[in-house]
Amino acid sequence: MITVLKSTATPEQREHLIRWLESQNVQVHISEGSEYTVLGLVGDTGHIDIELLESLDMVDSVKRVSEPFKKVNRKFHPDDSVISAGGVPIGGGHFQVIAGPCSVETREQIIGVAEAVKASGATLLRGGAFKPRTSPYAFQGLHAEGLELLREARAQTGLPIVTELMNMRDFDLFADVDVIQVGARNMQNFDMLRELGRTDKTILLKRGLANTLQELLMSAEYIMAGGNENVILCERGIRTFETYTRNTLDLSAVPVLHELSHLPVVVDPSHATGHASLVPSMAVAAAACGADGLMIEVHNDPIHALCDGAQSLTPAQFDALMGQVRRVREAVLS
Ligand code: PEP
Ligand code: MN
């Protein structure tokens with residue numbers, strides 16, 4: 001349920017109402033919007049008398065929220081959320097590009113790629129240290145050593161780091177990671193989502209291979225229900241009957257998620273297409289349809305990459321793409 005307060009409500013009136021609502025066993029989520037203050041009520045609101053609330057002078061309107069996702073719901077927070085990704089704002093007009101290799105391989109590789117993508121305008125560095133691979137015989141990542149190399153790359157370039165956590169057992173190693181990625185395969189690892197909800201880490205939550213947008217929002221709700229509001233959503237393609245591309249990029253996810261939620265939406269055209277030649281067109285399309293950011297795989301030597309080489313751009317290709325993205329954004333925003 002949401003209760004929209006009039007701008008004339010005094011802080012004392014507001015406090016009084018919030019205390020009363022809390023005494024009715026509902027959690028109150030306050031969102032200070034540009035025009036109104038919205039009180040989002042979570043819990044068993046069935047016994048709250050809507051007409052009584054509506055009759056209060058300070059109350060503009062009261063509505064039941066029929067969707068099962070509450071804290072991620074735009075009705076709870078009418079303005080776009082701006083999330084800090086290691087100090088870099090994303091959402092609400094702040095567009096960011098996360099770039100880097102699929103996995104961290106060597107010091108030269110990660111530092112070289114970090115410097116190159118930074119020079120082209122990327123604002124965050126990605127790189128997997130723990131890799132969810134389909135085959136147990138494939139390269140699984142450098143683990144703690146990979147995280148250490150990411151820290152070195154961050155120290156060298158100033159780019160905050162984004163890297164995947166596969167299991168809460170490793171969480172302590174991620175203490176100074178700027179953005180924790182929850183990968184597609186873990187999108188519905190509810191225990192993990194719940195635990196991340198008790199931290200204050202910024203989470204990049206990727207859509208599962210075969211998950212609906214509502215399921216993605218419910219997973220974000222798990223994190224936010226625990227009190228962690230620092231969530232960024234990521235569309236990375238879904239499984240369809242098409243086999244030419246690795247996945248099918250569902251770009252309609254961007255406007256749909258923006259309609260339903262206040263959280264920023266990033267698009268990953270690398271995992272969505274699986275082919276470097278398709279990444280630039282899908283990246284500019286994502287920028288054109290209002291994505292708050294992009295996540296792009298870039299490798300200094302894609303042919304010899306230990307993971308996802310076929311979809312990785314070279315630094316030169318990434319540089320050219322960044323120019324296109326800037327022009328498309330200027331055209332769309334003007
Ligand atoms: C990745 O970002 O390298 C990755 C494994 O992505 P996804 O979880 O979307 O497959
Ligand atoms: Mn990858």
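Reader: How many nonpolar, polar and charged residues does the shell around ligand 1 have?
Author: That shell has 3 nonpolar, 3 polar and 7 charged residues; Asp, Glu, Lys and Arg count as charged. This is a predicted model, where local features need pLDDT of at least 70 and side-chain atom pairs pLDDT 80 or more, while totals for chains, interfaces and linings use all residues. Residues are numbered from 1 along each chain as its sequence is written, chains are lettered from A and ligands numbered from 1 in written order, and side-chain values use heavy atoms, leaving out hydrogens and water.

Reader: Which of the 13 residues that surround ligand 1 are the closest?
Author: They are Arg126, Lys131, Ala184, Arg185 and Arg236.

Reader: What makes Gln181 a polar contact of ligand 1?
Author: A polar side-chain atom of Gln181 is 2.9 Å from a ligand 1 oxygen, and the cut-off for such N or O pairs is 3.5 Å, so this pair counts. Lys206 has a pair at 2.9 Å, and His271 one at 3.2 Å. The protein buries 97% of the 300 Å² that ligand 1 exposes alone (1.4 Å probe).

Definitions and conventions
Near = heavy atom within 4 Å. Polar contact = N/O pair within 3.5 Å; in protein donor to acceptor, adjacent residues only side chain to side chain.
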